[in-house]
Amino acid sequence: MTQPPATAKRSDRLYHAMATYTAISLSLFPVLVLLRAYEFTLTRQLHVLPDGMVMLTLQALRGDVGVVLWTAAILVLPILALAQWSVRAAVQLHRALLVALVVVSVALIQFFAVTFVPLGADLFGYSPRDLRETVMSSKGVGIASLAGFFAFAVLAWFVSGLVRRVRVPRPMVAGFFATIALSVVFPITISLAPRAFANDGAYFLSENTAAYFFGHSTRYFVDRAAALTSRSQQGYPLLHRSSNEDVLGPFLTRNAQRPNFVFVIVEGLGQDFVGDRAPYGGFTPFIDSLAHHGLYWDNFLSTSGRTFGVLPSLLASLPPTDGGILELGARMPRHLSLIQLLKQHGYRTQYFSGTDGHFDLIDVFLERQGIDSLIDATKFGTGYEKEPSGTGGFTWGYGDAELFRRSFASLGSVAQPRLDVYLTVSTHEPFIPPREPEYRARFDARLASMKIDPVRREEYRSYAGVFETLQYADDALRDFIHEYAKRPDYGRTIFIVTGDHRLIPLPPATRADRFRVPFIIFSPMVKAPQRFGSVSTHMDVTPSLLALLQHNYALTFPDSVAWVGTGLDTARAFRNLHATPLMRTKGQIDEYVDGEYFLSGDQLFRLTDKFDLPRVDDEQTFRALHRKLVRAIEVGRYVTSRDRLYPATAADSAARRLRQQEDSEMTKLAITGNTPDELFALARSRALAGDYDTARIICSKLLRDIPNFYDARALLGRTYAWQRRFDEARPILADLVRRAPDYPDGYVASMDVELWSGHGEVALAIARNALGRFPGNADLIAGQARARALIAQGGGK
């Protein structure tokens, strides 16, 4: 439509603007229809689509109509206001915003096509680095992906430009604006409700990915804003006396020495894959055998739908909160954990992972626990092979077999009791195991032996990579435990095998499946295999392990605790005594398990021994559970954001004041928004300029956020050495060498301290030791020569 002349009446100008707005707004619908075809095509390549696609398509188109109306409702006032000044500017802005919406939709569709779960507010819980790694692991960014963005952006711009020249009748304009108003007043008529679908797969496929993302994101930020102003809690609401009931002792023989604990957290290992009741069973025979020879819980739940929640719940029984407690980083509240308490009783504590330890800020959490050793992908060294990369060329790191093999080099003395935590990664996208042809052949053989219908067989083939990596992970765990059995301390070792959550791409049958994971306690100390039908969660593990040690090994632990869990339930019959909030993603806490009920969003289900979750239409019970969930969320926000899990000690208060002082100094320096690499570059330049205080402030901030930023720790130590404050430099650099034995600059910096302080013999010993690891390092060779010269001059103290 052409722009009306400047002399046109105001009413005519408004009509022209409204008519153009109507035409451009409606142009979005055919683009959304083509986006649906694109989405279904991509998704069909990786997943088995649910039954009833005709009805689901109609539901999807209904949802797309809602997106058109809501987009029009959101943009109407600013666009029409701009049109009163310039119709051309309003038209171009309107078209550009619709193109932006379409481009975002393409990205969301590509994410959904891989995961079969739409992206919501969990986006805001990840750093750019974490997001990049996740995207690259799934499929990467290839020509086909970029082509989708380009094609739909051009299409949206072309269609919106074409229709703006169409004359829209006044009744149609009036009807469109009336419909916009009605869609705002009565949103239920256009939005899709999960309860209207048979399962999550059908709902997710029908829901518009952009509507899901923006809806969940809006709720996320509204909830966070409300949390900042909430004053409904006070004191320490989770603090209570520990029950100390020993529920595990009766099933385990007591050893003369304290037991070792070995946690093996298998990425994505859901209950659907383990045990004789598993719908996708048969691909983890060794884990199945552990269940038959140990203590096994049939109905066990993780408390989060992604990895970010497993360590805080399993090792510290911490409450869920917006974004997850790990997202708080150095600001996470004071708390107790299994790692802290066992360290106080002489345990050596270690964490092993084949991937990046900084992902999800896991290293920051473990640093708070005082973990003795953290081995991640950066500390494997030579002689270990990384997993195969996906189509994007990205790999998460080292496979499970290599992870377990690497750990044996660090287990140390059998005399000291140990707590070892393994987090595996192989059963994650892109689901390509080492020796892939071997595992593909085994998958094919297993599938051929299964008596299933053709549709079910095709479903297995669609997810062949999932089952291949499950077989590989099962083999790796078998070899690990068989090798471990050769150690003298095997007889007093308790293995705890569980999943962090059920892996995502395989469509779940119920809303609870994402949280259902196996939980197995396997040990030579198990008196007899036992199978428990009762419900427990990761939150219940730490309280029960501490009670076992307190009652059977005379260890003492605090009487007052803030555990969310109440301890494992060892009833053989099905029951649930727990009330626990569940966190599906970092931005979504809308599920709650309590007694015989499971609350999920706007739906209420009944728990059964088969966990098939029949729906319950009981408004009173629904409202009662929803109130409990809301209170649990409020309590979690309060205790985590205001540090109200445990009262502060003098040391805690001093540490907090130091952090606040450092943050204040960073603010004064106006460098709060930089990336870690930029901050380090700035710290180095300040140090080289002689501004050591500023350099140390920046390094301290970096190390609070990224404990294993080795260059920052080395620079921090060197700033003291350059000022000849050697006694302050030595412990920093010694800690660096302990943390990173394969980082040569740590040895070089320590050697330099001894050279500058006149300790030639000590410097020579450091150089010789380091050259055993790095024989060709020029700095070490030069330092060794300087140390010998210093000794020859009589400076060899």
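**View 1. Phe-408 and Tyr-484, an aromatic pair.** At 24% relative accessibility, Phe-408 is classed as partly exposed (buried is under 20% relative accessible area, exposed over 50%, partly exposed in between, with a 1.4 Å probe and protein chains only). Tyr-484, at 0%, is buried. This is a predicted model, in which local features need pLDDT of at least 70, side-chain atom pairs count only at pLDDT 80 or more, and totals for chains, interfaces and linings use all residues. Residues are numbered from 1 along each chain as its sequence is written, and side-chain values use heavy atoms, with hydrogens and water left out.

**View 2. Aromatic pairs across the chain.** The structure contains 44 aromatic pairs (rings of Phe, Tyr and Trp, the last by its six-membered ring, with centres within 6.5 Å; planes under 30 degrees apart are stacked, over 60 edge-to-face, the rest tilted). Phe-359 and Trp-396 form an edge-to-face pair, because their planes stand at 90°, with ring centres 5.4 Å apart. Phe-359 sits in the loop between E4 and helix H13 (362–369), and Trp-396 in the loop between E5 and H14, 37 residues away. Helices (H or I, at least four residues) and strands (E, at least two) are DSSP runs, numbered from the N terminus. Both Phe-359 and Trp-396 are buried. For Phe-408 and Tyr-484, the centres are 6.3 Å apart and the planes are at 55°, so this pair is tilted. Phe-408 lies in the loop between H14 and E6, Tyr-484 in helix H17 (residues 464–484), so the contact ties together parts 76 residues apart in sequence.

**View 3. One aromatic cluster and two charges over rings.** The cluster is formed by Phe-352, Phe-404, Phe-408, Tyr-422, Phe-480, Tyr-484, Tyr-490, Phe-495 and Phe-522. Over the ring of Tyr-484 sits the charged end of Arg-487, 5.5 Å from the centre. The criterion is NZ of Lys or CZ of Arg within 6 Å of the ring centre and within 35 degrees of the ring normal. Arg-254 lies over the face of Tyr-553, 5.9 Å from the ring centre.

**View 4. An open sheet of 8 strands.** The order is E5-E4-E6-E2-E7-E8-E3-E9, with mixed pairing; two strands pair if DSSP finds at least two bridges between them. E5 (373–375) and E9 (530–537) are the edge strands, each with a single partner, so one side of each lacks a neighbour in the sheet. From one strand to the next, the twist averages 15°. E7 (residues 493–499) and E8 (residues 519–522) run antiparallel, joined by 4 bridges. Ile-496 has Ile-521 in E8 as its bridge partner.

**View 5. Helices against the sheet.** Helix H14 (residues 400–407) lies across E2 (260–266), E4 (348–353), E5 and E6 (418–423), at about 160° to E6. Contact means heavy atoms within 4.5 Å. Axes are lines fitted to C-alpha atoms, for helices over the stretch in contact; angles run from 0 to 180 degrees between N-to-C directions. Helix H18 (residues 541–552) touches E2, E3 (295–301), E7, E8 and E9, and its direction makes about 165° with that of E2.

**View 6. Hairpins of E12, E13 and E14.** E12 (residues 591–594) and E13 pair antiparallel over 4 bridges. Glu-591 stands opposite Ser-600. The hairpin has 2 residues between its strands, and Gly-595 in the turn has a positive phi of about 60°. E13 also joins E14 (residues 603–606) by 4 bridges, again antiparallel. Here Ser-600 faces Gln-603, and Gly-601 takes a positive phi near 60°. Both faces of E13 (residues 597–600) are covered: Tyr-597 and Leu-599 are buried on one side, Phe-598 and Ser-600 on the other.
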